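My entries follow in the order I checked them.

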Amino acid sequence: LNYIKSNFIINRDIIEPKYNTENLLNKLEELNDSRQNHVYANLKKTDSEFTVTESVDGNMIDTSKLSDSIISELDGTDKIFDLTKYYVEKDSTKPTYEELVEEVEKVNNTYIEYTNGYKISLIDYIDYCSVVDNTIVLNEDTLEELKNTIDKTIEKELIEYDTVGNAMEFTTNSGETIEISGGTWGNIFSSDDETDYIIDKFSKFESETNRVPIYSQEMSSEIGDTYIEVSIQDQHVWHYVNGELCCESDCVTGKCDRSHETPTGVFYILERQNGRTLRPKGSTSGTWVNKWMRITWDGVGLHDAYWRGAFGGTIYKKNGSHGCINLPKNYAYSLYDEIGLDYCVVVY
């Protein structure tokens, strides 16, 4: 009896139930024959818009999980398993339908609106966008083309921000209010810099209102009360500082021959040089001036004309300059010391 008992205990200790889990899994797989996987929401692009496909919850069974539960519950009694508790879990890393709708809304609502009323929207440039991993991005391979397209567009739509040469009111030394146009004074918006700014904002889905573009040249919309005034008719120059007359002098402007007239308009000092040789176009020889104050890039400026014995009157009509504003030497020296770059110069 002891021998049998001993063997029974030993056998009992080493006997383990064996299950054919492979057959069980195969049988459970049949449960999935008519079931559906999870369908995740996805971004889609058409010719004119971005859309989001609906997500659908699947009901596929996680057979490994169910098999483990069945085996752990085998004790000779009947069991009922709620299969809804064994559905394959959804991938939590996948974006939801709501999240993708927000992505589309960001694109649809990304725009820049300028103070002149012009509005540029990202959705209008959908051809330059793609969907990558359910994210809307600007195409790297067409980025330069996009820049060129936007640049050409804003050059037309934002042209009014270029104010150089626009008509301005000016009250002359005599008290007369005149309207004067032309010159170099005013604002010039930089289409290249503004295009880069727009693309940067678009890539971040950031919007902006009441925008003024980036300027390559920015100046006051008014002449103000500090300026140099040049009257061609009076052949005279006045220098005002904070509304007070600082100094004045007769001058000689461009010769009246339809080739050398001094241009009229509102200008600013582009360059100051303490000594320079001036050469007319096509000439190899030149004239030295001691004080040079440029107002146009094609060679017009204020400078001393030490070779002249007289200024003012009607000298300019037959013996005028090549377009520059000739000044007496002492006055040119004084004026040069009193002004700087960007100083306003009104010529009429």
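I started with one residue pair. Arg294 stands opposite Gly301 in E20. I keep in mind that this is a predicted model.

Next I looked up the strands around that pair. Strand E19 covers residues 292-294, and strand E20 covers residues 301-304. I find the two paired in the antiparallel sense, over 3 bridges.

Then I asked which sheet they belong to. E19 and E20 sit in an open sheet of 4 strands. I read its order as E16-E19-E20-E21, and the pairing is mixed. Which strands form the edges? I noted strand E16 (271-273) and strand E21 (325-327), each of which pairs on one side only. From one strand to the next, the twist averages 15°.

I turned to the nonpolar cores. The largest has 31 residues. Among those with the most contacts inside this core I listed Phe50, Tyr114, Leu146 and Phe202. Ile120, Ile150 and Ile198 are also in that group.

Where do the residues of this core come from? At least two each are supplied by strands E2 (50-53), E3 (111-114) and E6 (135-138). H5 gives the largest share, 4 residues.

I checked Leu146 by itself. I set aside its neighbours within four places in sequence. Leu146 is then in contact with Tyr125, Tyr128, Leu138 and Ile199.

My last entry is a second, separate core of 26 residues. Val237, Val252, Ile325 and Val347 are included in this second core.

Technical notes: Residues are numbered from 1 along each chain as its sequence is written. This is a predicted model: local features need pLDDT of at least 70, side-chain atom pairs count only at pLDDT 80 or more; totals for chains, interfaces and linings use all residues. Side-chain values use heavy atoms; hydrogens and water are left out. A nonpolar core is a set of buried Ala, Val, Leu, Ile, Met, Phe, Trp, Tyr and Cys residues joined through side-chain atoms within 4.5 Å. Buried means under 20% relative accessible area, exposed over 50%, partly exposed in between (1.4 Å probe, protein chains only). Contact means heavy atoms within 4.5 Å. Two strands pair if DSSP finds at least two bridges between them. Axes are lines fitted to C-alpha atoms, for helices over the stretch in contact, and angles run from 0 to 180 degrees between N-to-C directions.
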